[in-house]
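Subject: A structure for you to look at

Hi,

Here is the structure I promised to pass on to you. Please open it next to this message, and I will go through what turned up.

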Amino acid sequence: MGVTKTEIFTEQQNRIADLAKAFSHPARVAIMQLLIARKACVCGDLVDELELAQATVSQHLKELKRIGIIQGEINPPRVCYCINPVVWEEAQKTFGSFLDTFAVTTSCCN
């Protein structure tokens, strides 16, 4: 059986890519901005706020939840979402550490 692409990379490389995926689509960024601005769990009105189709919002919420950057509670008929502070802090530290590995001095392509 063949090796999947993710298996040839380190766990850290895969996690950085996963966290980056949360920020890689403007709809996901908008969802996270909305959750941050509310400073509370948001229940059900994301579709109205974002002017996106329910299916689109659901798809992005599912991906953000898979990554762990948001968390949700299901209390039928409502689902409430908020930023997961533990994973948000992980993302801050991870991107900070990754971006700090390169010190900008001069460009190598000049």
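This is a predicted model: local features need pLDDT of at least 70, side-chain atom pairs count only at pLDDT 80 or more; totals for chains, interfaces and linings use all residues.

Let me begin with a pair of helices. Helix α2, residues 26–38, packs against helix α4, residues 54–67, at an angle of about 75 degrees, and their axes are 10 Å apart. An angle from 65 to 115 degrees counts as roughly perpendicular, and α2 and α4 are therefore roughly perpendicular to each other. Which residues meet there? On the α2 side they are Ala27, Arg28, Ile31 and Met32, and on the α4 side Val57, His60, Leu61, Glu63 and Leu64.

Phenylalanine 23 sits between α1 (11–22) and α2. Is phenylalanine 23 buried, partly exposed or exposed? Its relative accessibility is 35%, so it counts as partly exposed. Leaving out neighbours within four places in sequence, phenylalanine 23 is in contact with Val29, Met32, Ile69, Trp88 and Phe95. Met32 also belongs to the α2 residues that meet α4. Leucine 64, from the α4 side of that contact, lies 41 residues from phenylalanine 23 in sequence, with 9.3 Å between their C-alpha atoms.

Lysine 39 has a phi near 55 degrees, which is a positive value in a residue other than glycine. You will find lysine 39 in the loop between α2 and β1 (42–43), and it counts as exposed because its relative accessibility is 76%. Glutamate 51 is not a glycine either, and its phi is positive at about 55 degrees. Glutamate 51 is placed in the loop between α3 (46–50) and α4; with 72% relative accessibility, this residue counts as exposed.

Asparagine 84 is located between β3 (78–83) and α5 (85–100). How accessible is asparagine 84? Its relative accessible area is 14%, so asparagine 84 is buried. Not counting residues up to four places away in sequence, asparagine 84 touches Gly68, Ile69, Ile70 and Gln71. One of these, Ile69, is also in contact with phenylalanine 23.

Enjoy looking through it, and write back whenever you like.

How values were computed
Residues are numbered from 1 along each chain as its sequence is written. Side-chain values use heavy atoms; hydrogens and water are left out. Axes are lines fitted to C-alpha atoms, for helices over the stretch in contact, and angles run from 0 to 180 degrees between N-to-C directions. Helices (H or I, at least four residues) and strands (E, at least two) are DSSP runs, numbered from the N terminus. Angles under 35 degrees count as roughly parallel, over 145 as roughly antiparallel, 65 to 115 as roughly perpendicular and the rest as oblique. Contact means heavy atoms within 4.5 Å. Buried means under 20% relative accessible area, exposed over 50%, partly exposed in between (1.4 Å probe, protein chains only).
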